[in-house]
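Work through the following exercises with the sequence and the 3D view open beside you. Try each task before reading its solution, and follow the solution step by step.

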Amino acid sequence: MATTGFDLVTPSATLFAGQAEMIVCKSVDGEIAFLAEHEPFIGALDPCLVRIVAPEPAVAGSGGAVANGPSGPEVRIAVHGGFVEVKDNHVIMLADIAERPEEIDVAQARADEAEATTRASSGAGAGDSDRVAEIDLEWARARLEAAGQ
Amino acid sequence: MAGGQERVLRRRIRSVESTKKITRAMELIAASRIVRAQQAIVAARPYVGKLREVIGHLSESPEAANHPLFHDVHSTQKVAIVFVTADRGLAGGYNANIIRTVERMMREHRAAGRDVQLVALGRKGVNYFRYRGQPILFSMIGVSERPTYADARRVVGEVIPPFEAGQLDQIELVYTRFISIGSQTVQTRQLVPLVPEEGHEGTAPAATADGGSPTAYEFEPEPEEILDRLIPSWLEAEVLTAMLEAAASEQAARQRAMKAATDNADELIKTLRRVMNRARQDAITTEIMEIVGGAEALRQQSRGDDHGPQHDAFVPIQESA
């Protein structure tokens, strides 16, 4: 299957640099997937789970497509908001924070989820602070999902 | 009396030696931290570079020019200077260079009738300006050696709202740029209003390579909304880069200062040893002279009295002297 170049970078590390068949993430307007030869696109991301379908493992192994990441057909990374740009069959994802499954503290994420849920439900109609709770909740859920919980 | 001087010198040498151990240890610690600080700069570089690229592409869209952070205010009245110093001293001229630059900028702005406020990152800068009663808008301490993205975000969160509310017209950034281990310079740049040319800097060649026609992007959500999110991220990345560069520069400056201190201690110990040895030699010579003098006196006395055994005992000393 055709692939697209994909980079996922944060201020502290490059989490993915290589080829991918498909990248699934969530923009502010809803879930979106990028395949090879996607048209030029700039979008803002919500906290979400990014799923990267890497090419066949053999290809991934020989080409070293997965940099610093677990090799395999699907790479999961939790992303705390950011941006995505697609241009010339290359997807660049900029995340302010991103965590790989093995970096995620599941207990902490669960605690954050519970705490953000109460804040989101109690602070209904509080405008901006409402949105903060929502983002925290999405981030906690994305981490749990990435960790396979 | 002469032996006392030797004791004093010996004590001094011991004290210099223990100081030397400390400066040597600090030198080694700084050297190892430079490596870590450099790694942090390298790790952040792709993010900052790609962010600039995206901003560059986005700023080609007509909406970008209307964004408030791009707006150049006609008459700048209120300026904020964000500057990065170390939390600790013992780094040679590192802190002094930044402070001197900030003071010069303050003088220039005030001479032009502008109101200046400071955003001090690092304990040394905070203490210096607070002691002198300068207006500090926001300060942050305890992060100079290991700045994180969260720290940069906090700084941006403090300075951008007043800018958007019109309480500030211009924000400048002063930090020490890390060029190499041997070379760091104080860097001054304007953070906001954004200078559009600066945004294109890294991407201009790529844009012209496309044949001059800007790529027709699909936006999700609207370009304005993306800009609203992207620009704070960019500012955060710029502040983070400045803090990371400053952290590496700080360690490099400290390593250099501590190396100089260690070398100095070596030199001092050598000089003190020489003085001490001379003092000891003097003391020995004086002692011999005293003994000889005493023997001579006794000999002359005994010659008058003619006491055999005592006389014999002192003869060899007289010969050796």
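**Exercise 1: Where the two chains meet**

Strand β5 (residues 41–45) of chain A and β6(B) pair in the parallel sense over 3 bridges, where two strands pair if DSSP finds at least two bridges between them. Helices (H or I, at least four residues) and strands (E, at least two) are DSSP runs, numbered from the N terminus. The model is predicted, so local features need pLDDT of at least 70 and side-chain atom pairs count only at pLDDT 80 or more, whereas totals for chains, interfaces and linings use all residues. Residues are numbered from 1 along each chain as its sequence is written, and chains are lettered from A and ligands numbered from 1 in the order in which they are written.

Task: find which residue of β6(B) stands opposite A:Phe41, and describe the side of chain B that touches chain A.

Solution. Begin with the strand pair, where A:Phe41 stands opposite B:Glu218 in β6(B). Next, widen the view to the contact between the chains, in which 24 residues of chain B meet 22 residues of chain A; two residues are in contact if their C-beta atoms, placed from the backbone, lie within 7 Å. On the side of chain B, the elements that give two or more residues are α1 (2–58), β6 (218–220) and α8 (223–305), and the largest share, 9 residues, comes from α1(B). Finally, sort this side of chain B by class, which gives 16 nonpolar, 3 polar and 5 charged residues. In this sorting Ala, Val, Leu, Ile, Met, Phe, Trp, Tyr, Cys and Pro count as nonpolar, Asp, Glu, Lys and Arg as charged, and the others, Gly among them, as polar.

**Exercise 2: A strand of chain A and one of its residues**

Task: state which strands pair with β9(A), and explain why A:Val91 counts as buried.

Solution. First place the residue: A:Val91 lies in strand β9 (residues 90–95) of chain A. Strand β8 (residues 82–87) of chain A is joined to β9(A) by 6 bridges and runs antiparallel to it, and here A:Val86 has A:Val91 as its bridge partner. β8(A) and β9(A) form a hairpin with 2 residues between them, and A:Asp88 in the turn has a positive phi of about 50 degrees.

Now turn to burial. A:Val91 counts as buried because it has 23 C-beta neighbours inside 10 Å; a residue is buried if 20 or more other C-beta atoms lie within 10 Å of its own, exposed if 12 or fewer, and partly exposed in between, with C-beta atoms placed from the backbone. For the strand as a whole, 5 of the 6 residues of β9(A) are buried, so β9(A) is largely enclosed by the rest of the structure.
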